[in-house]
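Here is a quick briefing for anyone meeting this structure for the first time. Have a look at the sequence and the model, then read on.

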Amino acid sequence: MNMSDAQLSSRNPSKPPPPTNHTENNDKDLATQLERAPKSSPALRGTILDRHEDDRVNEQSPLLDSTGSDDNGSLKSVTPLSEQSWNGNNGEETKSSWYLFLLTFAALGLQIGWSVETSNGSPYLLSLGLSKSILALVWIAGPLAGVLVQPYVGIRSDRCRSRWGKRRPFIVGGSISTVVSLMVLAWTRELVGGFLSLFGADPASKGVKTCIMLFAVVFVYVLDFAINVLQAAIRAFIVDCAPTHQQSTANAWASRIQGVGNITGYIFGFLNLPKIFPFLGDTQFKVLCAIASFLMLLTSGISCASIQERDPRLEGDLLEHDSGIIAFFKSLYHSIRRLPPQITKVCQVQFAAWIGWFPFLFYITTYIGEIYAEPFFEENPHMTEKEVEKLWEKATRMGTFALLIFAITTFVASVFLPMIVAPSFKAPPLPAVTPLTPTTPSANLSGSGYFPHSPKPPSAHSKRIWNRFISLFTYFHIRTFTLRRMWFLSHIFFSICMLSTFFIRSVPAATILVGFIGIPWAVTNWAPFALISAEISKRDAIRRGIIRPPATRDGALLAAGEDNAQGADQAGVVLGIHNVALSAPQVIATLISSAIFWALQKPRGTPGDESVAWTLRFAGVCALGAAWLARRVGEEDANGMDI
């Protein structure tokens, strides 16, 4: 009786076990995957077949070294992968400028929505009867939503396995929720008054007015939560869909589009919209909300329809994950502790920088208004309340004009600064064209000879002209002027501008000052997001074998999938945590500014009030702290080597 190989192996320990038939196992896996894949999704089934064919060509992953980990999961010594041992793809497809424009186009509607809320929300709520003290509590909704909503949306979207993608379902849901919130908020008086009138309530009574105010406050919170869902999804969408070497360019496009949104919002604010669009509403706020809602749906729809995400169903099954509020905070805490060092340093800089940015964004209009009104108060310190209100209307318009100059400067800077900043990643070279042979897996031998025929699209010539035009801007790159150094210098420049309030005494000088601050603001809207996005995309590309890992132990662990990030470096959760670093300083800045006002503020209409100027000087000190922290942020050259 013949014994099996397994029996012989068990009787003779010195004999090695028979080799595993990897091809047979792969065929079984292929059958299982095809059986699970829906028949209605030929794209998914085609992707599974392509991956299986690639595995037949090279069953040994280019990322894994034999010293990675043993069968029982214990970690072995990991040696860094050298240039010679790397067999991966070593490159990503370079996307066109048109692709990046469509990818970031949704940010236009988002920014217009933000501008409508921030610039017109306070006057609208005051017109409903809210006091300024209550209004300050209402606007806590912004940082509260930023701290809670964006990390939650980030974690949920990272775990999303919809056939529509990870981010697009949240972009669509966030857009619809924001539009509904905007329109309900704009028509609060009519909705609440009309509903209560059905029960015989007088729309002019105090009780109805109180209900209107409460309803409006509730929907301010709903609006902030909805728009934060949209913002978190759009930011993660950009990170996921842009190649690693184009993360800086993609975020520059997002910054430019946001600048266009700001300018558009300020222009709409200057126009008499009810006269131009009477069919959209009888007040400025109603028409603004209608226009913002239309543009938000339009831009989000174009981005989602034009850009295809990777199918998240191909990323494997999810690990079991507890749900609920407590589980969410635990997950957030562990994610913060496991953040990659580079992202942690960027968040630390942002925390210090935004303590300084919030006083500027909140009070710069008031600062310019006080400079304008100061001579009038000195000339007539006993103005009536009506005269003071009329003077402040003119002063506020002066501040609004300065913000328009600020928005234009921001846009111009966002266009030209990326042209001179040295790229952090070098675009991969085009692959060499090699002939296919009958033994080449998946070779398409149709056409003439072994060379597959790929006809040029009709627009190939125009694309070449456009690419040559874009390549001209690379000549303006300053090699030593890197993104991190520009970010560091922007904090210094912002600090100098804020501390110069000691010497500013005229409205034109203050307007010029605000215009110059548009330069560091453009950098703030671009550099940190680009640095974080590049780090996220680089780590993801290393894991998927698209780019070569750095020649370090950490790089080898990352390539082998044995790093300790455990999902803490995915786009959704990282950008959510980053937004916490932006939102939490708002509370700190509000408390410190309130203390400054309490100590230095004078009665309204009294000359010599410099309390707002001192909050701006405090912002300048915080910017110096951010500059010091920015020196610790890591930096790589175009070849991926640390500088």
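Predicted model: local features only at pLDDT ≥ 70, side-chain atom pairs only at ≥ 80, totals over all residues.

**H9 and H10**

- H9 and H10 cross in a right-handed way.
- On the H9 side, the touching residues are Thr-188, Arg-189, Val-192, Gly-193 and Leu-196, and they meet Val-208, Cys-211, Ile-212, Phe-215 and Ala-216 of H10.
- Sorted by class, this H9 and H10 contact holds 7 nonpolar, 2 polar and 1 charged residues.

**H15 and H16**

- Helix H15 spans residues 341-379 and helix H16 spans residues 385-420; their axes come within 8 Å and cross at roughly 130 degrees.
- H15 and H16 are therefore oblique to each other.
- H15 goes past H16 in a right-handed crossing.
- The H15 residues in this contact include Phe-360, Ile-364, Gly-369, Glu-370, Tyr-372 and Phe-377, while those from H16 include Val-388, Trp-392, Lys-394, Met-398, Leu-403 and Phe-406.
- The residues where H15 meets H16 split into 15 nonpolar, 6 polar and 2 charged.

**H18 and H23**

- What angle do H18 (residues 483-499) and H23 (residues 611-630) cross at? It's roughly 160 degrees, with the axes of H18 and H23 coming within 8 Å.
- Angles over 145 degrees count as roughly antiparallel, and H18 and H23 are therefore roughly antiparallel to each other.
- H18 passes H23 with a left-handed crossing.
- From H18, the contact takes in Arg-484, Phe-488, His-491, Ile-492, Phe-494, Ser-495, Met-498 and Leu-499.
- Their partners in H23 are Leu-616, Arg-617, Ala-619, Gly-620, Ala-623, Leu-624, Ala-626, Ala-627 and Ala-630.
- By class, the contact of H18 with H23 has 12 nonpolar, 3 polar and 2 charged residues.

**Transmembrane annotation**

- An unreviewed UniProt entry puts the label "transmembrane region" on residues 98-116, 128-149, 170-187, 207-227, 351-373, 401-421, 486-504 and 510-534.
- In the model, residues 401-421 are 95% helix and 0% strand, and the end C-alpha atoms of that stretch sit 30 Å apart.
- Residues 486-504 come out at 74% helix and 0% strand, with 26 Å between the end C-alpha atoms.

**Aromatic pairs**

- How many aromatic pairs turn up in the whole structure? A search finds 19.
- One of them joins Phe-101 and Trp-253 in an edge-to-face pair, 6.0 Å centre to centre and with 70 degrees between the planes.
- That pair links distant parts of the chain, with Phe-101 in helix H4 (residues 97-104) and Trp-253 in helix H11 (residues 247-270), 152 residues apart.

**Around Pro-274**

- Pro-274 belongs to helix H12, which covers residues 273-276.
- Leaving aside residues up to four places away in sequence, Pro-274 touches Gly-281, Asp-282, Thr-283, Gln-284 and Val-287.
- From Pro-274 to Leu-288 is 14 residues in sequence and 9.3 Å in space, C-alpha to C-alpha.

Terms used
Residues numbered from 1 in each chain as written. Heavy atoms only, no water. UniProt positions renumbered as here; feature names shortened; annotations may be inferred. Helix = DSSP H or I, 4+ residues; strand = E, 2+ residues; numbered from the N terminus. Axes fitted to C-alpha atoms, helices over the stretch in contact; angles between N-to-C directions. Parallel < 35°, antiparallel > 145°, perpendicular 65-115°, else oblique. Left-handed = near helix turned anticlockwise from the far one by under 90°. Contact = heavy atoms within 4.5 Å. Nonpolar A, V, L, I, M, F, W, Y, C, P; charged D, E, K, R; others polar. Phe/Tyr/Trp six-rings, centres within 6.5 Å; stacked < 30°, edge-to-face > 60°.
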